[in-house]
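Student: I would like to learn how to read a structure like this one. Where do we start?

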Amino acid sequence: MRLASPYLAFGAALLSWAAALPAVAATAKQAVLLPGAPPATVIATIGNGTPKVTAKVDATAAVFRPDPALVALGRRAFFDVRLSMPRGQSCASCHDPARAFSATLPHDTPGVTQGSRPGHFSLRNPPSLLYVRYVPRRHFYQDDDAPAASPFGGLFADGRADTLAEQVRGPLLEPNEMNNGSPDRLLRNVNATELAPALAAQFGPAVRKDPEAMLRALGAALQAYMQSDEMAPFTSRFDDYLRHRTPLTPQETRGLALFKNPDKGNCMSCHTLSDTASRPERSLFTDFGYDAIAVPRNRALPANRDPRHFDNGLCDTARRLRWPEPQQWCGYLRTPGLRNVAVRQRFMHNGVFTTLRDAVAFYNTRTIDPGKWYAGGKVFDDVPAAYRDNINVNSPPMNRKPGMPAALTEDEIDDIVAFLRTLTDAAYVGAMVDAVPKPQGKR
Ligand code: HEC
Ligand code: HEC
C-alpha cells in the first residue's frame, strides 16, 4: 500500500504504541491518543495493550488536517447506498445529515435503527457523528481525586473500536447493519462501483484485490471525512456565548448554572464544559469516560425479547482486552457528548427515552420514583443482579434514596432542557424536536 496520505501514515504509526514515535525520552513509552496532540506518557499497560497515561487528553491540542481529496472520497463512501447487502443503505441512512448525523427513525421504531434487511435491528441507538473526531483512543487515566485509574475513549458505547478507521468494519460487516457478509464480499461489492478506481488512485492498485487493504482504504477515507471541519461546526448559540459572550436567555442561563452545580444537576462532572474558555473544544460535554447510570430496559428492542439478554457495555470490551476484573465495568457505557442532543428522537444507548426532558428528569427521580421509570417499579432492570454494585449511586442527583427530596424541581428540569437546546448547531435548529414541554398536572 502506498503511504501517500499522512492519515495512513498516522494509522500505521499507531499500530505500535511506542516504536513509531520519535523518542522524546528514550525510556518513556508514549502514545498519541488524538491526532496531532502531543504524545501522552505511558506509565503502564493494562491487559493486552491499553495504555495508562499520566495526563488528561487535551482536545484543544488536537490537529485535524485530513487531505481534502480523501475527505471528498470519504464523503462519497458515506452516502453510497451500494455498500450494503441488499443495496439501499448507507452510513447516512442511520447517521442522517439532516439530524446532526444521528438517526431519523420511523414512527413505529423500537428505538434503534434497522439494518439493510427488514426486521434486522442495530443493537444500540446511533449517536451523532458530529465531534466524533475528538473521541480519544482507549486509555486509562487516574484523576487526582479518583481512587483508581478509569478507562476513557474508544468508539461505540462500549469502546470496542480504537480508531475511526478501525470502527468502519463494524457497520459494513455487521449482519444487522450494512451486512456485507465478509471482507471478501465487501471487496466485490466495492469493485462493482466507481469508488474502487477512486480508492485505488489514492491507495494503490492492491486495494482492488486485497479485502483487508480495501477495508483499510475505506476506513482511512471515512475517517478523513469524519475528522474534517465539516463534522465539527461549533456554530451553536452556546458557541456564540463562549466566543462572543452573546447572552443566553435568563432560563438558559439558569439551566447552565444548574448543569454545573455539583449539588443540583451535577451534569458537568461527566458532561464536561468550560464556560470561561473561549475555545469550544473545552466544552465537548463529555470527558470520554464511562459510567453506569442504569437506564431502564427498552422492552421494545428485538434483542430484549430474551429476558436473559443484557447489553453489558464496557465489560465485553474489557474481557476481550484482558483488563483485570472486567466484570467491574459491566453496565458502564461511554458518556456521550450532548452537542445537538435536542435534535435526537431517542435517547440513551438503548433508545429507551422518547423526549429530552425524560432523559434529564430520569437522573432526578431514578430511585425516588422508580415506578415512573422502571417497569413494575423494579429499579435498574437492565443491569443483571450480579453487576448491580457497579451502578453509580453516589453522584448527585442520582444519590437519592426513596423518601429523600429530589435535587431538581420540575422548573429546574425545564431550565436544563432549555440550556441543552442552546447546544444545537445553526444548521439543525429547525430539526429540534420540540420546545420544552410543560410537565402535565404539575405547578
Ligand atoms: C444500521 C444503522 C447504521 C449504519 C448503516 C451505520 N451505523 Fe454507525 N452506528 C450505528 C449504531 C447503532 C451505533 C452505536 C453502536 C454502539 O455504540 O455499539 C453507531 C456508531 C457509530 C460510530 C461511533 C460513534 C461514537 O461516538 O462512538 C461511528 C464513528 C459510526 N457509527 C460511523 C458509521 C459509518 C462510517 C458508517 C458507514 C460505513 C456507519 N456508521 C453506518 C448505526 C449505524
Ligand atoms: C456520572 C456521570 C453522569 C452524570 C453526572 C450525568 N450523566 Fe448524562 N450520561 C452519562 C452516561 C454514561 C450516559 C449514557 C447512558 C446510556 O446510554 O445508557 C449519559 C447520557 C445522557 C443523555 C442522553 C444522550 C443521548 O445522546 O442519548 C442526556 C440527555 C444526558 N446524559 C444528560 C445529562 C444531564 C442533563 C445531567 C445532569 C442532570 C447528566 N446527564 C448527568 C453520564 C452522566
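Tutor: Start with domains, whose bounds come from an automatic or database domain assignment. Here the protein is divided into domain 1 (1-232) and domain 2 (237-431). Their centres, taken over C-alpha atoms, are separated by 24 Å. The contact takes 36 residues from domain 1 and 38 residues from domain 2, where two residues are in contact if their C-beta atoms, placed from the backbone, lie within 7 Å.

Tutor: This is a predicted model, in which local features need pLDDT of at least 70, side-chain atom pairs count only at pLDDT 80 or more, and totals for chains, interfaces and linings use all residues. Residues are numbered from 1 along each chain as its sequence is written, while chains are lettered from A and ligands numbered from 1 in the order in which they are written.

Student: What is the mean pLDDT of the protein?

Tutor: pLDDT is the predictor's confidence in each residue, from 0 to 100. The mean for this protein is 92, and 92% of its residues reach 70 or more. Over residues 1-26, however, the pLDDT is below 50, and it stays under 50 over residues 436-443. Where pLDDT is low, the predicted coordinates should not be read in detail.

Student: Which strands pair with strand E2 (residues 40-46)?

Tutor: Helices (H or I, at least four residues) and strands (E, at least two) are DSSP runs, numbered from the N terminus. Two strands pair if DSSP finds at least two bridges between them. Strand E1 (residues 29-31) pairs with E2 in the antiparallel sense over three bridges, and Gln 30 has Thr 41 in E2 as its bridge partner. E2 also runs antiparallel to strand E3 (residues 50-53), joined by four bridges. Ala 44 stands opposite Lys 52 in E3. E2 and E3 form a hairpin with three residues between them, and Gly 47 in the turn has a positive phi of about 60°.

Student: Which residues are closest to ligand 1?

Tutor: A residue is near a molecule if its C-beta atom, placed from the backbone, lies within 6 Å of it. For ligand 1 there are 26 surrounding residues, the closest being Cys 91, Cys 94, Pro 126, Ala 157 and Pro 171. Helix H3 (91-94) gives the most to this shell, with three residues. For classes, Ala, Val, Leu, Ile, Met, Phe, Trp, Tyr, Cys and Pro count as nonpolar, Asp, Glu, Lys and Arg as charged, and the others, Gly among them, as polar. The shell around ligand 1 divides into 16 nonpolar, seven polar and three charged residues.

Student: How many residues surround ligand 2?

Tutor: Ligand 2 is surrounded by 26 residues, of which the closest are Gly 265, Cys 267, Cys 270, Phe 347 and His 349. Helix H12 (residues 356-365) gives the most to the shell, with four residues. By class, 16 are nonpolar, eight polar and two charged.

Student: Which peptide bonds are cis?

Tutor: Most residues other than glycine have a negative phi, and most peptide bonds are trans. In this model, a cis peptide bond joins Met 85 and Pro 86, with omega about -10°. Pro 86 is found in the loop between helix H2 (68-78) and H3. The bond from Pro 396 to Pro 397 is cis too, with omega near 0°.

Student: What is the phi of Phe 156?

Tutor: Phe 156 is not a glycine, yet has a positive phi of about 80°. Phe 156 lies in the loop between E5 and H4.
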